[in-house]
Amino acid sequence: MPTADALNRAKTLLERTPLIDGHNDLPWALRKSVGADPARVDPGPLDVAVEQPGLHTDLVRLRRGRVGGQFWSVYVPCGYTGHHAVTAVLEQVELVHELAARYPRDLAIVRSADAAEKAFADGRVASLLGAEGGHCIAESLGVLRALHRLGVRYMTLTHNENVPWADSATDEPAVGGLNDFGREVVGEMNRLGMLVDLSHVAPATMRAALDVAEAPVVFSHSSCRAVADHPRNVPDDVLARLTGNGGVCMVTFVPSFVSEARAAWDAELREAMRREGGDPRDLEAREDFAARWEAGHPKPAATTADVLAHVEHAREVAGIDHIGLGGDYDGVSDLPEGLGDVSCYPVLIAELLERGWSEEDCAKLAGRNVLRVLREAEAVAARLGAA
């Protein structure tokens with residue numbers, strides 16, 4: 001644990017600089033508990049205005065963690081396809097809007113960097129939306145435009161499975177990165193001012209998107225392949241390209257992405273699941289399989305130090321202006337020791353201060369970098385005629 005002095009410095013820093021996290025799955029966690037109708041979220045046992053021990057996120061711990069802005073994931077599983085996927089993503093968008101309407105003193109839906117900074121100055125958590133998985137647009141640029149109109153400010157091009165126009169990191173290559181329609185999607189996102197999110201995609205897709213992107217990209221919740229060899233992590237050659245693109249890799253806390261031992265354990269689990277005829281890309285099926293398999297294969301724990309190793313590696317390769325944080329809270333079953341819920345961000349910042357990071361560099365990591373990316377994407381959209 002950091003010293004009390006470092007922790008106080010971190011808290012003070014986050015009171016004047018918004019920490020903007022790249023990915024939180026609270027909307028899907030709520031949907032799993034109460035169903036697809038956002039009106040059922042509250043009142044009742046899932047009132048996020050009070051602490052919810054069964055979740056990683058609630059308003060009390062967001063405040064304790066000095067979270068100034070949050071990209072809420074409007075996630076849709078890969079099993080939803082076509083109009084079912086479109087319906088589900090719209091329901092998830094509505095859920096986030098409903099939360100903001102119910103807790104207006106705590107949450108504010110924002111659509112720009114300026115609005116995010118104003119919400120933070122007003123004492124509210126700036127709430128942005130990120131669509132996780134390009135299958136949610138059902139190969140329709142019209143749906144993509146509609147999501148942008150509803151406030152979605154990034155889209156992850158794939159989730160765990162390929163889409164017809166882009167390859168996923170956890171599927172067999174099909175189009176070699178992006179096909180012509182995939183490049184058209186990237187171009188339209190640039191025109192709209194929607195960030196191209198390259199978490200979950202194959203390295204070939206990362207490189208293809210960087211080849212055509214006119215605006216900075218993001219990795220909303222990914223870590224470094226050189227530190228933990230997991231297919232969801234970012235290779236060094238791609239990290240290095242963020243300097244020229246202007247993008248940001250938002251380091252995640254997912255144990256199998258940050259701990260090399262846990263990544264190896266996860267690879268063994270996936271192979272064991274395949275041997276039994278299962279599909280590791282199916283998160284619910286994998287969770288059920290893991291619950292049985294873990295009895296004879298204890299999973300290694302991840303630590304805050306593991307996360308810090310990725311933050312420092314990403315800084316070394318991409319540069320201080322190209323890193324951020326994307327915890328993936330409420331999207332995983334467990335988290336690194338010391339980072340168990342959204343209240344823990346000051347601990348991470350304090351650890352970096354103790355390692356000699358300047359307050360300016362910590363502020364860039366916390367939120368300034370992603371705010372810059374948002375502004376640059378808005379400028380590109382204005383130049384291309386959408387704004």
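This is a guided tour of one protein chain, to be followed selection by selection in a viewer.

**The whole chain**

Begin with the entire chain displayed as a cartoon, bearing in mind that the model is predicted. Its secondary structure amounts to 15 helices and 9 strands. The radius of gyration is 19 Å, close to the 21 Å given by the globule rule for 387 residues, so the chain is as compact as a globular protein of that length. Along the principal axes, the C-alpha trace extends over about 55 × 50 × 45 Å. If the chain is coloured by accessibility, buried residues account for 58% of the 387 residues.

**Helices α8 and α9**

The side chains of R207 and D237 form a salt bridge, with an N to O distance of 2.9 Å. This pair joins distant parts of the chain: R207 belongs to helix α8 (residues 203-212) and D237 to helix α9 (residues 236-245), 30 residues apart. R207 is partly exposed, at 30% relative accessibility, and D237 is likewise classed as partly exposed, at 37%.

The other pair to inspect is D211 and R241, a salt bridge in which the closest N and O atoms are 2.8 Å apart. Here too distant parts of the chain are linked, with D211 in helix α8 and R241 in helix α9, 30 residues apart. D211 counts as exposed because its relative accessibility is 56%, where exposed means over 50%. R241, at 30%, is partly exposed.

**Helix α15**

Move to helix α15 (residues 359-384) and select R372 and E376. What separates these two residues along the helix? They are 4 residues apart, which is about one helical turn. In an α-helix there are 3.6 residues a turn, so residues three or four places apart point the same way. E376 and R372 form a salt bridge, the closest N and O atoms lying 3.3 Å apart. Both ends are partly exposed: E376 has a relative accessibility of 31%, and R372 a relative accessible area of 23%.

**A network of charges**

Now show R262, E294, K299 and D334 together; these residues are linked in a network of salt bridges.

**The negative patch**

Switch to a surface view and select D282, E284, E287 and D288. These residues gather in a patch of negative charge on the surface. D282 is partly exposed, with a relative accessible area of 38%.

**Helix α14**

Return to the cartoon and select residues 345-354. Is helix α14 largely enclosed or open? Of its 10 residues, 9 are buried, so the helix is largely enclosed by the rest of the structure. The buried positions are Y345, P346, V347, L348, I349, A350, E351, L352 and L353. After α14 comes G356, which has a positive phi, near 100°.

**Strand β8**

Select M250, found in strand β8 (residues 248-251). M250 is buried, with a relative accessible area of 2%. M250 and I323 are 73 residues apart along the chain, yet their C-alpha atoms are separated by 5.6 Å.

For the last stop, select A138 and E139 and examine the backbone torsions. Most residues other than glycine have a negative phi. A138 has a positive phi, near 50°, although the residue is not a glycine. E139 also has a positive phi, of about 60°, and is not a glycine either. Where do they sit in the fold? A138 lies in the loop between β4 (125-132) and α6 (141-149), and E139 is found in the loop between β4 and α6 as well. A138 is partly exposed, with a relative accessible area of 33%; E139 is also partly exposed, with a value of 49%.

Terms used: Residues numbered from 1 in each chain as written. Predicted model: local features only at pLDDT ≥ 70, side-chain atom pairs only at ≥ 80, totals over all residues. Heavy atoms only, no water. Patch = residues over 30% accessible without salt bridge, like charges linked within 9 Å, V, L, I, M, F, W, Y side chains within 5 Å. Areas by Shrake-Rupley, 256 points an atom, 1.4 Å probe, with all protein chains shown as cover. Salt bridge = Lys/Arg side-chain N within 4 Å of Asp/Glu carboxyl O. Lys, Arg positive; Asp, Glu negative; His and termini not counted. Charge placed at Lys NZ, Arg CZ, Asp CG, Glu CD. Buried < 20%, exposed > 50% of the residue type's maximum accessible area, 1.4 Å probe, protein only. Rg over C-alpha atoms; globule rule 2.2 N^0.38 Å.
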